[in-house]
Amino acid sequence: MDIPWIITIFLIGFVGSYVSGMLGIGGSIIKYPMLLYIPVMFGFTAFTSHEVSGISAVQVLFASIAGVWAYRKGGYLNKSLIIYMGGSILIGSFVGSFGSKGLTEETVNIVYGILALIAAVMMFVPKKQVDDKPLNEVTFNKFLAAILAFIVGIGSGIVGAAGGFLLVPIMLVVLKIPTRMTIATSLAITFISSIGATIGKVSTGQVEYYPAVIMIVASLIAAPLGAKAGKSMNTKVLQFILALLILGTAIKIWLDIL
């Protein structure tokens, strides 16, 4: 642990958490490949896929709650959606994270690549205009929401993500939730998901605590700043930025796997 290493880990956490707050994701879609590749580029010891997933799980716990706190006012948090999807994803993420201990490095990366690819495709699916709908009139299929959240929870628990990068396109495309409500509510669901993922990773010894603490400090600073920026941005711009991030990450992961 030297100063350049600390700065590198902090900047990875800061950038990922800023985007997390702005786009309503836990940030692992960005931080997973950054932790996997950037330290090595600067000559530091590489993290294994299991270590990256463990660090990501713990850090997302703090980044998401910081983002939710920034969105707590304005009526953007859909409590019914949080209850149905949050409960299901918590169970799924615990199952996935606990079971991931027995998976190989390549398998963890493949699961991540599949999740990112699915999310990328969904982000480019044409969406019906729902952003004009009053927030108090938003409805959704509760059973479908719960089932999808459970499936997302299993996959995201394996890679230490909280599933925000999959929850956002699911809520936008499948459940037809307005963009700003999606961003705020997905952060709350992501926080719940990260509880299960963190318990699973910690209990199976997959967490490196020093880099995790550095990432947590960065997330507590950056996530609220990102959430503030997201409130003032055009919703189409937000969706486009997220789509590009997910697509770029999916391409990079699959190029390395293949």
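A: Begin with its origin: this is a predicted model.

Q: What is the phi of Lys176 near?

A: Phi of Lys176 is near 60 degrees, and this positive value occurs in a residue other than glycine.

Q: Is Lys176 buried, partly exposed or exposed?

A: Burial is read from relative accessible area, with under 20% counting as buried and over 50% as exposed. Lys176 has a value of 30%, so this residue is partly exposed.

Q: How do I read the nonpolar core?

A: The general idea is that in soluble globular proteins, nonpolar side chains tend to be buried together. In this model the largest nonpolar core has 71 residues, and Met85 and Leu175 have the most contacts inside it. Helix α5 (residues 105-123) gives the most to this core, with nine residues.

Q: Which residues does Leu175 touch, not counting those up to four places away in sequence?

A: Leu175 touches Leu81, Met85, Thr139, Phe140, Asn141, Leu144, Ala145 and Ile170, with residues up to four places away in sequence not counted.

Q: Helix packing comes next. How are α3 and α8 oriented to each other?

A: Take the angle between the two axes; a value over 145 degrees counts as roughly antiparallel. Helix α3 (residues 49-70) packs with helix α8 (residues 179-203) at about 150 degrees, and their axes are 8 Å apart. The two helices are therefore roughly antiparallel to each other. Their crossing is left-handed. By class, the residues in the contact of α3 with α8 are 11 nonpolar, seven polar and one charged.

Q: Which residues meet where α3 and α8 are in contact?

A: On the α3 side they are Ser53, Gly54, Ala57, Val58, Val60, Leu61, Ser64, Ile65, Gly67 and Val68. On the α8 side they are Leu187, Ala188, Thr190, Phe191, Ser194, Ile195, Ala197, Thr198 and Lys201.

Q: Is Thr190 buried or exposed?

A: Thr190 lies in helix α8 and is buried, with a relative accessible area of 0%. From Thr190 to Ile65 the separation is 125 residues in sequence and 8.6 Å in space, C-alpha to C-alpha.

Q: And Phe191: where is this residue placed?

A: Phe191 is also a residue of helix α8. With a relative accessible area of 24%, Phe191 is partly exposed. Leaving aside neighbours within four places in sequence, Phe191 is in contact with Leu61, Ser64 and Ile65. Phe191 and Phe165 are 26 residues apart in sequence, and their C-alpha atoms are 13 Å apart in space.

Q: Which residues of α5 and α6 meet?

A: Val108, Val111, Tyr112 and Leu115 in α5 meet Gly155, Ser156, Ile158 and Val159 in α6. Gly155 belongs to helix α6 (residues 142-159) and counts as buried, at 9% relative accessibility.

Q: Where is His50, and which residues is it in contact with beyond its neighbours within four places in sequence?

A: His50 is in helix α3 and is buried, with a relative accessible area of 16%. Apart from neighbours within four places in sequence, His50 is in contact with Ser100, Lys101, Leu103, Thr104, Glu105, Val108 and Gln206.

Methods: Residues numbered from 1 in each chain as written. Predicted model: local features only at pLDDT ≥ 70, side-chain atom pairs only at ≥ 80, totals over all residues. Heavy atoms only, no water. Core = buried A, V, L, I, M, F, W, Y, C linked by side-chain atoms within 4.5 Å. Buried < 20%, exposed > 50% of the residue type's maximum accessible area, 1.4 Å probe, protein only. Contact = heavy atoms within 4.5 Å. Axes fitted to C-alpha atoms, helices over the stretch in contact; angles between N-to-C directions. Parallel < 35°, antiparallel > 145°, perpendicular 65-115°, else oblique. Left-handed = near helix turned anticlockwise from the far one by under 90°. Nonpolar A, V, L, I, M, F, W, Y, C, P; charged D, E, K, R; others polar.
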